[in-house]
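Subject: Handing over the structure

Dear colleague,

Please find the structure below, which I am passing on to you together with my notes.

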Amino acid sequence: MSKFTESCVDPKSNVTSKDLMKVFWRQFPIHATMNYERMQGMGFCNAVIPALRKIYKDRTEDFKAALARHMNAFNCTLAMAPFIMGISIAMEEQYAKSDGEIDPAAINQVKSALMGPLSGIGDTFFWGVFRVVAAGIGVTFALQGSILGAIVFLLLFNLPNLLVRYYGLFIGYKQGSSFMEKMSKTGQLSLITHCAGIVGVCVIGAMIALNVGITTPFIAHIGETEIIFQDIFDQLLPKFLPLVCTLGIYGVLRKNVKSTTLLVAIALIGFALGAIGLL
Amino acid sequence: MGLFMQAVLVGIVGFISQADSKLLGEWRLSQPIVMGALVGLLLGDLKTGVILGAEFQLVWMGIMGIGATPSMDVGIGSTIGTAFAITSGASLEVALTLALPVALLMQYANVLVRATITPALMHVGDACIEKGNDKAILTLQMVGMLVFSILLGFIPCFLAVYFGSAAVESMVNAIPAVVMNGLTGISKLFPAYGFALLLHVTLDASLVPYLILGFVLAAYLNLNALAVSLIATAVALVIYQIKRSQSAAQSAMSEEETL
């Protein structure tokens with residue numbers, strides 16, 4: 001085991017860094033029994049089992065109770081879940097040593113309290129930034145027919161994906177929820193989110209220009225003169241139509257129109273405009 | 001390669017698309033840029049697969065799996081769409097038109113599984129824990145993974161290619177020009193919808209300047225996505241350092257005041 005993982009565990013504790021590595025491997029299929037009743041509940045339980053086995057060695061009833069505890073409802077951006085698992089394992093350890101002084105309900109309360117905010121941050125990073133930037137760069141290659149596009153995309157996305165899971169689990173275990181508290185108290189958390197947003201939004205702006213290929217073939221004939229509409233738009237502002245259409249649809253979305261309704265409406269409008277030769 | 005073999009191979013890609021989240025916890029193999037390449041690789045037309053994958057990626061850029069409700073299944077949609085393009089010679093516009101209802105249908109099928117089969121697996125898990133059988137939980141998780149990957153991955157992709165390819169091929173040849181133009185219109189507008197969805201999730205007032213910056217860098221200076229993301233990273237680092245030193249100075253000030 002590496003220096004880092006060793007530094008995260010207490011040598012006196014029953015939970016070794018090897019056990020935490022088992023948890024690391026078992027957190028990947030957290031989504032496997034996703035359901036409406038308790039979402040990723042069983043996935044969470046499955047992941048922390050190797051640690052619980054060590055904590056409640058020879059205490060069968062307490063072990064069962066702990067397993068049942070972690071079958072509770074849980075739902076979080078997948079890459080952020082290991083951090084909460086680390087915290088939960090640390091709390092289970094404290095509870096197991098406390099001779100019933102700590103209320104075990106607190107463990108699930110902490111889980112529930114963390115999954116909302118962490119999902120918010122996680123969705124911004126993993127759906128809005130890492131995926132978008134990786135896809136933006138990958139698409140550049142792929143549109144030219146190169147397999148490199150898919151490879152670059154997977155490498156760029158999974159580097160942060162795996163690092164956040166790995167360090168999340170161990171830091172969560174070592175520092176518990178104090179890590180989160182410190183991060184949000186000093187404003188670090190919102191600053192990092194803001195800076196990630198800068199990269200994400202900037203690349204989205206570029207991709208609107210690069211990848212939204214809206215042009216019009218429409219040409220008006222007035223007497224002898226031809227008016228090519230696309231030329232007029234190009235002189236006005238390069239990539240005028242992609243920008244206007246994207247911002248227009250964004251404006252409609254902000255009015256809380258259901259996205260599926262809007263999808264159907266856009267399909268109908270697109271079809272009509274295409275059929276009459278405007279798109 | 002026979003049709004049956006093609007259908008099996010596309011079915012395997014469909015399996016991978018679901019197993020990506022259910023076994024690996026979302027390594028994003030199920031994003032269209034990867035699915036298209038895999039379909040192309042297995043069906044022996046890598047180039048078409050890679051390009052279709054990229055086009056589907058742009059069209060579905062804004063579809064995100066956020067929260068407990070499944071979103072449109074772009075992995076299966078792009079798999080089947082790309083397969084039709086290769087087996088039946090469908091163009092991007094036609095492939096997109098076929099993939100869209102598939103992705104929507106799979107979303108509802110996913111809701112069904114999450115409401116019936118996986119809750120049942122979870123109750124089996126509860127009973128096992130009561131008996132102290134903790135080993136069963138990993139098995140149940142793997143059963144859930146297989147249910148999703150076979151039922152919502154392999155089977156729909158296999159069926160679509162095996163029974164659909166001939167129908168799609170005859171349809172592709174019979175589409176009148178005016179309908180084709182309409183489909184072109186749809187495929188031009190959809191990426192705008194995708195990026196609007198993305199903005200809806202990521203944009204707030206403080207980030208508007210960077211949206212303008214990114215657009216101008218690409219539209220006027222013709223920089224590609226890699227160049228823009230590097231510039232954006234540099235800007236983000238500068239902003240980070242400025243804000244950090246500001247807050248450090250502020251907390252130092254307030255400490256002096258309390259002294």
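Chain B is divided into domain 1 (3-202) and domain 2 (204-259), with bounds that come from an automatic or database domain assignment, and the C-alpha centres of these two domains of chain B lie 37 Å apart. Please keep in mind that this is a predicted model, in which local features need pLDDT of at least 70 and side-chain atom pairs count only at pLDDT 80 or more, while totals for chains, interfaces and linings use all residues. Residues are numbered from 1 along each chain as its sequence is written, and chains are lettered from A and ligands numbered from 1 in the order in which they are written.

The contact between the chains takes 95 residues from chain A and 89 residues from chain B, where two residues are in contact if their C-beta atoms, placed from the backbone, lie within 7 Å. Several helices of chain A each supply at least two residues of the side that touches chain B, among them H6 (105-142), H9 (188-211) and H11; helices are DSSP runs (H or I, at least four residues), numbered from the N terminus. H9(A) gives the most to this side of chain A, with 18 residues. By class, the side of chain A that touches chain B has 57 nonpolar, 31 polar and 7 charged residues, where Ala, Val, Leu, Ile, Met, Phe, Trp, Tyr, Cys and Pro count as nonpolar, Asp, Glu, Lys and Arg as charged, and the others, Gly among them, as polar.

Tyr250(A) is found in helix H11 (residues 240-254) of chain A and, leaving aside its neighbours within four places in sequence, is in contact with Ala196(B), Leu199(B) and His200(B). Tyr250(A) counts as partly exposed because 18 C-beta neighbours lie inside 10 Å; a residue is buried with 20 or more other C-beta atoms within 10 Å of its own, exposed with 12 or fewer, and partly exposed in between.

The largest nonpolar core has 167 residues, and Phe153(A) and Phe195(B) are among those with the most contacts inside it; such a core is a set of buried Ala, Val, Leu, Ile, Met, Phe, Trp, Tyr and Cys residues joined through C-beta atoms within 7 Å. Not counting residues up to four places away in sequence, Phe153(A) touches Ala134(A), Ala135(A), Gly138(A), Ile33(B) and Val34(B).

Finally, Leu3(B) lies in helix H1 (residues 3-22) of chain B, and Leu3(B) and Ala166(B) are 163 residues apart in sequence and 9.7 Å apart in space, C-alpha to C-alpha.

Best wishes
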